[in-house]
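Open the model in your viewer and keep the sequence panel beside it. The stops below say what to select and what is there.

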Amino acid sequence: MDTKELLKKVRKIEIKTRRLSDHIFGGEYHSTFKGRGMTFSEVRQYQFGDDVRNIDWNVTARTNEPHIKVFEEERELTMMLMVDVSGSELFGTQNQFKDEIVTEIAATLAFSATQNNDKIGLILFSDQIELYIPPKKGRSHVLRIIRELLEFQPKSKQTNVAEAFKFLSNVMKKKAIVFVMSDFVADDYKQNLKIAAGRHDITGIRIYDKHEAEIPNIGMVQMEDEETGEVMLVNTASKKVRLNYSKFYNEKVSYYKDSFAKSGAGTIDCRVDESYVKKLLGYFKRR
């Protein structure tokens, strides 16, 4: 992708996702993810309806008039976007590939965080950490994140979700809001997720295509594994082959749901042909 085309794409995504974050997600994001607590702001005169528990008795005694302490939410938070850039993210049959949806969701979340003056960081992972961008504030930083999501070329096509959670735990010592975007066709990450979720507020966003869940009966076909590059002949007419594949896929989905539930992390399932706007809003409202 040349620079002109890239900038055009970045701008298009910014316009679409900025509108969503400004009009829909900004307020929902703010009320869903609270700051670190309340910090003292000022003392003012008591007004009818104020909470009497906030009366500052020292100032009240000095002035002979009731005064209360005013507190503000200590807002500054850090959002980490963890994005699976392995080969399977290039799959898509419903007009959009999974990686395109991921970029739009990531941009929407990033602009929502920016609106609340929070920092945003990025971790791109395959079976290794492909890229780490430390958390920073501001629009230009978000645009850099979008550029990386659009044009980054991973070294590996394979996936290791456990390694990504391990890296998160090592690099982020303070609590962060973490969104992990992947198809989660992986296993053996339950323990690493549990450790990371003990410190951070984690949400898994599973992006999938309905045609991944089962193989259609179209006879003998040549298939290539996007992650390993292995090419094989598959007899899709065989009921056993189709059932075995469905079993394999459903086991991975069950492992994902069970792992996140047991670690206290949230989940959002987003099919590429469905509205991710509705999914995100529904999740924010439920929390």
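Helices here are DSSP runs of H or I with at least four residues, and they are numbered from the N terminus. The model is a predicted one.

**Stop 1: helix α3**

Select residues 98–115, which make up helix α3, and pick out Val 102 within them. Is Val 102 buried or exposed? Its relative accessible area is 3%; the cut-off for buried is under 20%, so Val 102 is buried. Val 102 and Tyr 276 are separated by 174 residues in sequence, yet their C-alpha atoms are 9.6 Å apart in space.

**Stop 2**

Next select residues 78–84, strand β3. Seven of its seven residues are buried, so the strand is largely enclosed by the rest of the structure. Colour the side chains by direction. Thr 78, Met 80, Met 82 and Asp 84 point one way from β3, while Met 79, Leu 81 and Val 83 point the other way.

Which strands pair with β3? One is β4, residues 119–125, which runs parallel to β3 and is joined to it by seven bridges. Another is β6, residues 177–182, which pairs with β3 in the parallel sense over five bridges.

**Stop 3: helix α1**

Move to residues 3–32, helix α1, where Lys 4 is found. Lys 4 is exposed, at a relative accessible area of 71%. Select Lys 8, Lys 9 and Lys 12 along with Lys 4: together they gather in a patch of positive charge on the surface.

Stay in helix α1 and select Arg 11 and Glu 14, which lie three residues apart, about one turn of the helix. Their side chains meet in a salt bridge, with N to O at 2.7 Å. How exposed is each partner? Glu 14 is buried, with a relative accessible area of 3%, whereas Arg 11 is partly exposed at 44%.

**Stop 4**

How many salt bridges does the model contain? The count comes to 14.

Begin with Arg 44 and Asp 50, whose closest N and O atoms are 2.9 Å apart in a salt bridge. Arg 44 is partly exposed, with a relative accessible area of 27%, and Asp 50 is buried, with 16%.

Then select Asp 269 and Lys 257, which form a salt bridge with their closest N and O atoms 3.3 Å apart. This pair links distant parts of the chain, twelve residues apart: Asp 269 is in strand β10, residues 266–271, and Lys 257 is in helix α7, residues 239–262. Asp 269 counts as buried at 18% relative accessibility, and Lys 257 counts as partly exposed at 42%.

Terms used: Residues are numbered from 1 along each chain as its sequence is written. This is a predicted model: local features need pLDDT of at least 70, side-chain atom pairs count only at pLDDT 80 or more; totals for chains, interfaces and linings use all residues. Side-chain values use heavy atoms; hydrogens and water are left out. Patches are made of residues with over 30% relative accessible area and no salt bridge: like charges are joined within 9 Å, nonpolar side chains (Val, Leu, Ile, Met, Phe, Trp, Tyr) within 5 Å. Accessible areas come from the Shrake-Rupley method with a 1.4 Å probe; for residues, only the protein chains shown count as cover. A salt bridge is a side-chain nitrogen of Lys or Arg within 4 Å of a carboxyl oxygen of Asp or Glu. Lys and Arg count as positive and Asp and Glu as negative; His and the chain ends are not counted. The place of a charge is taken as NZ of Lys, CZ of Arg, CG of Asp or CD of Glu. Helices (H or I, at least four residues) and strands (E, at least two) are DSSP runs, numbered from the N terminus. Buried means under 20% relative accessible area, exposed over 50%, partly exposed in between (1.4 Å probe, protein chains only). Two strands pair if DSSP finds at least two bridges between them.
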